[in-house]
Structure formats: C-alpha cells, structure tokens
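Here is a short report on a protein model. Keep the sequence and the coordinates open while reading.

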Amino acid sequence: MAGHIRVLPLDRDDSRRYLPWIVAVMVYLAAMTLAGAMATASMASRWQTGLTGALTVQLQPAAETQANDGRMEAVLSILRADAAVASAEPVDEEKMLGFIQPWLGRDGLTLDLPLPRLVDVRLHDRASVDLVDLAARLEAAAPGTSVDDHARWLTGILKLARVIRFIAFGTVALIAAAAITVLVFATRAALAVHKDGIALLHIMGARNRFIAREFQVAALAQGFRGGLIGLLTALATLVALGGAGLNTDIGILPQVTLTTLQWLVLAALPPAAGAVALITARLTVLSVLARLA
Amino acid sequence: MVRFENVGLRYGLGPEVLRDLTFELESGAFHFLVGPSGAGKSSLLQLLYLARRPTRGLITLFDRAVLKVPRRELPALRQRIGVVFQDFRLFDHLSAFDNVALPLRLKGAKETEIRKHVSELLTWVELGDHLDALPPTLSGGQKQRVAIARAVIARPRLLLADEPTGNVDDRIAMRLLHLFVELHKMGTTVVIATHNLELVSRFRYPELRLENGEIKQVRASAQRDARPGIEAAAGRG
C-alpha cells in the first residue's frame, strides 16, 4: 500500500501499450543514424591525422626497370636533403600489390602490369614545403615524377563527412519530431480514455500537476523501456555490421569504430527517450487540462 | 457556508433543469435533499461540488463567490468538500485502502498518518478485513461504504452524498448515517440527497425539497409532526 500509487491505469491502455515499441523503432533509427555519422566523423578525423604532414611522390613507370631504380635514387636523394622532410621511404612492391589486389585480384596479371613507384614522405611537425619548387626539382632530376600532398582529396573527404554529419543530425531531429508527435497523440488519446477518472480527481481536489505526474511517470517508464529495446537492437546490428566488415577483405567499407565518448552518446539515447516522453506528456496534459473548465 | 441566489442551470441549449434556486446552508447544518427522480438533485449536487458552473445566478461557497474563484484555487476549495456518488465512482484497479487514502494523498498527508486513519475508518465501516480488496470483488454495499469512507476521510467542511444508503441494508444504512451525524457534530455541513423518506423521517433535520428544478420547500423535521421513538431508534443504530 506504500510507495507511489498509480491512480490512473495508463499502462493498460491500448493507445499506450504499443508506445514502447514505437519509441524502440525511433531510437533504433536514431542510434543507427548517429553511429553512422560518428563513425564517418571518426574515419575522416583518422584520415586527416594520418595525411596531414605527409606527401606522396609518384614515379611513372619507365620502359626499363633499371632506369626506374636510378630515378628512385635521385628522388630519394633530393627529398632526404630537404630540411622540411623527416623521412622519405619508397613503398615496397608487395605493399603496392596489396593496394590494387582488392580490384584486380592476386594473379599473374598484376606481375606484368607497369606500376608507378611511390615514395611516402613525412614532414617535420609544423614544417612547410614549397610544393611547386619541390615538384620542379624532382621533375628535373627524375622525369615523370609528381608530388601529391592529398589536400584536394582530403578536402573532399572532410566536406563529405560534414555533409553526412549534417544530414544525420537533421534525420535525428526528424525522428525526434515524429516521436514527439506520436507521444502527443498517445497522451491525448489517454486523456480521452481516462476523462472520467480525471474528472473525479478534479472533483476530489487534484491539481493539474498531480494528474500530469500520473502521465509523465508512465511516459518516462515507457520511453525508457522503448529506448532500451531500440538501443540494444541497434548495438546488435552494429556488432553484426562490424563482424561483416571484418570478414570481408575488399577494404572498401570503413570499419565502424567509435570512441568512448561516442558510445556514451549512444548509451544516452534511452534516458533521452524517457526524458522526451516525460516532458511531452507533461506539457500535453497541462495544456489540455488548462483548456478545460 | 453555502448560498444560492437565483441560480439556474441548463445543459446546452435545453430547458433549465434548475430554476431560480435561492437558499442558504449555514455552517454546520445538516439537510436532506429530497424530491422525485429527475427533479434535479444530482444537478444541484454537481453545482455544490463545483463540477458545474451555473448558467445564471450567484453561488457563494465558504464565503467566496464561486464564479470569481481563480482556477488555480479551485482544487483547494474542492479539497474541503467530500462527495459520495450514487454510482460510487471508485478506481477499480486501486484497493479499498488506496481508494480511501486518495483524498489524504491529494492533500499531501504523511504515509504513516494515512495508514493509521484509513485502516481505522475502514474497520469502522466493517471493511477492516477488505483493505486490499479491489472494488470489482466487493458487493454493492461494500463499495458504498468504501465510497463513503473516501468522502469523509479528509474531514471535509461540506459533505455531499447522493443516495448514500441505496445499496445497503437498514442496519448498515443507520450506521453510515450516524457517521454523517458524527461528522455533522464535529462541524461538517452535510447534504444528503435521497429518495428514502422513511430514512429522512427518522432524523430531525431540515429538508430541501426539489420539484421540477425548483426548491419547493425548506423545513426542519422538528417542525413536522413529532414521531416519538424514531430519533431514539436512530440513536441506537
């Protein structure tokens, strides 16, 4: 007999019985969208970190292998003599084959394919290089050489990541708006179902906030329960996606990896769903009751 | 305590169900509200427990003009009124205990006080062994006793009862009416709407007689022919 007494049997309403499942679907969609956006952001960040302060020098394949080797020595010599360069290492052939293997396969064909030679160049921290000047010097010493600082590619990737993040937040906002709309209608339906009980409570001297508390306690429990179901389902999906990504060797799809903070963002979804449900129910009930005589 | 001045009530565009009601109930009064079915007894009670507003006239309750009371102050006013409904209006999913405890919880009473008073009162109305029973498992008479206990538990200043003894036998009816009498002696103003003229005649309290939506007669049973022995019988009940 002690403890909180639920005066209105809101959990038994048909209008609210399916609410946790609707919230679960919403939270699932929100979790997947956020996870996708955060994984993309992490990936872009990793690319940015990995490629900032790095250059790639490419030597076009020459007619004869011997000539190739001579040009490589000249290129390495110029690069290593530059004060801004921390290291300049040629990318070995096995690694090169690894890069193209996902597209061309590992068969005899690639052995006959004329491949460019690459040099991975790392610059000192905060060092800058005059790319035009460096490219000219390298071209003079080894014709068929080009220098790439990845800026163009990286700018495109970062722009794409920003767009994806913007779309994801917009999608989550739409999902939240849809969830709030459903909650408002469910609360209004429950108010109609329990109008006799509410009228009785009013006659007995219940304040609107007492009645609103009935609804918000039920909404908090249902929202949190639905959010938990949605999050657990999303986590299962993410784990399955991670497993699928690990099992494939095509190397095109980025691996879904999230930071601790990003996992915490996902973990906050059920409480957030509960809080949104609580606030929506409270405001809806108070708004409807305020219009009553 | 209660004053009606030229009060009228109509539902929608229909005819007036109550017309030109003018009367006053003093603090601590006890009245029977009598009249045939459809006379407007329930409508008058609804005006008294602030479930409806009159379409005309002035109602003063606890020295305040009802129409001028701000909405936020209505709950406090309503908490001073206890109501027993003809159809009980219990919450079916709440136990007898929790139904009776509700007015105290609305007032913010402590749980220890609630437990003590509710148990005592339910025991008094012979439901001490039904504290945890849900209303659907109770008989009509038991439900009525729960409804009455709920109406009186918070010691209201005004107690309104609509046919409070309609579903109980004579012995329980007298016992319940004596509960109302005890509350009346403690200063509660009581209005009991009833068809049961036999019951009315056993108590020497004034009547408000409603016929066709109008107050026809207000008189005290003391003014009627004395019926020796009836009051004594009531006193034994």
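## Interface of chains A and B

This is a predicted model. Chain A places 21 residues in contact with 24 residues of chain B. The two chains bury about 2100 Å² between them. Carbon and sulfur atoms supply 67% of that area.

Five residue pairs are in polar contact across it, with both residues at pLDDT 80 or more. The rule finds zero salt bridges between chain A and chain B. On the side of chain A that touches chain B, helix α8 (residues 195-203) of chain A gives the largest share, five residues. The residues of that side of chain A divide into 15 nonpolar, three polar and three charged.

## The sheet of chain A

Chain A holds an open sheet of four strands. The order is β2-β3-β1-β4, and the pairing is antiparallel. Strands β2 and β4 (145-148) of chain A stand at the edges. Each has a single partner strand, so one side of each lacks a neighbour in the sheet. Neighbouring strands are turned by 20° against each other on average, direction ignored.

Take one pair in detail. β2(A) and strand β3 (residues 117-123) of chain A run antiparallel and are joined by five bridges. Within this pairing, E89(A) stands opposite D120(A) in β3(A). Helix α6(A) packs on the sheet and touches β1 (54-59) and β4 of chain A. The direction of α6(A) makes about 160° with that of β4(A).

## The sheet of chain B

Chain B also has an open sheet of four strands, with antiparallel pairing. Here the order is β2-β1-β4-β5. Its edge strands are β2 (16-25) and β5 (64-65) of chain B, and each pairs on one side only.

Strand β1 (residues 2-10) and strand β4 (residues 56-61) of chain B pair in the antiparallel sense over five bridges. E5(B) faces L58(B) in β4(B), the two standing opposite each other. Helix α1 (residues 41-48) of chain B packs on the sheet. That helix touches β1, β2 and β4 of chain B. Its direction makes about 125° with that of β1(B).

## Salt bridges

How many salt bridges does the rule count over all chains? The count comes to 15. Side chains of opposite charge can pair when their charged atoms come close.

One salt bridge joins the side chains of R137(A) and D82(A), at 3.1 Å from N to O. R137(A) lies in helix α6 (residues 131-141) of chain A. D82(A) lies in the loop between α3 (65-81) and β2 (85-90) of chain A. The pair therefore ties together parts that are 55 residues apart in sequence.

M32(A) lies in helix α2 (residues 19-51) of chain A. Which residues does M32(A) touch, not counting those up to four places away in sequence? They are A234(A), T237(A), L238(A) and L241(A). M32(A) and T237(A) are 205 residues apart along the chain, yet 8.4 Å separates their C-alpha atoms.

Conventions
Residues are numbered from 1 along each chain as its sequence is written. Chains are lettered from A and ligands numbered from 1 in the order in which they are written. This is a predicted model: local features need pLDDT of at least 70, side-chain atom pairs count only at pLDDT 80 or more; totals for chains, interfaces and linings use all residues. Side-chain values use heavy atoms; hydrogens and water are left out. Contact means heavy atoms within 4.5 Å. Buried area is the accessible area (1.4 Å probe) that two parts lose on being put together, summed over both. A salt bridge is a side-chain nitrogen of Lys or Arg within 4 Å of a carboxyl oxygen of Asp or Glu. A polar contact is a pair of N or O atoms within 3.5 Å; within protein, one must be able to donate a hydrogen and the other to accept it, and residues adjacent in sequence count only if both atoms are side-chain atoms. Ala, Val, Leu, Ile, Met, Phe, Trp, Tyr, Cys and Pro count as nonpolar, Asp, Glu, Lys and Arg as charged, and the others, Gly among them, as polar. Two strands pair if DSSP finds at least two bridges between them. Axes are lines fitted to C-alpha atoms, for helices over the stretch in contact, and angles run from 0 to 180 degrees between N-to-C directions.
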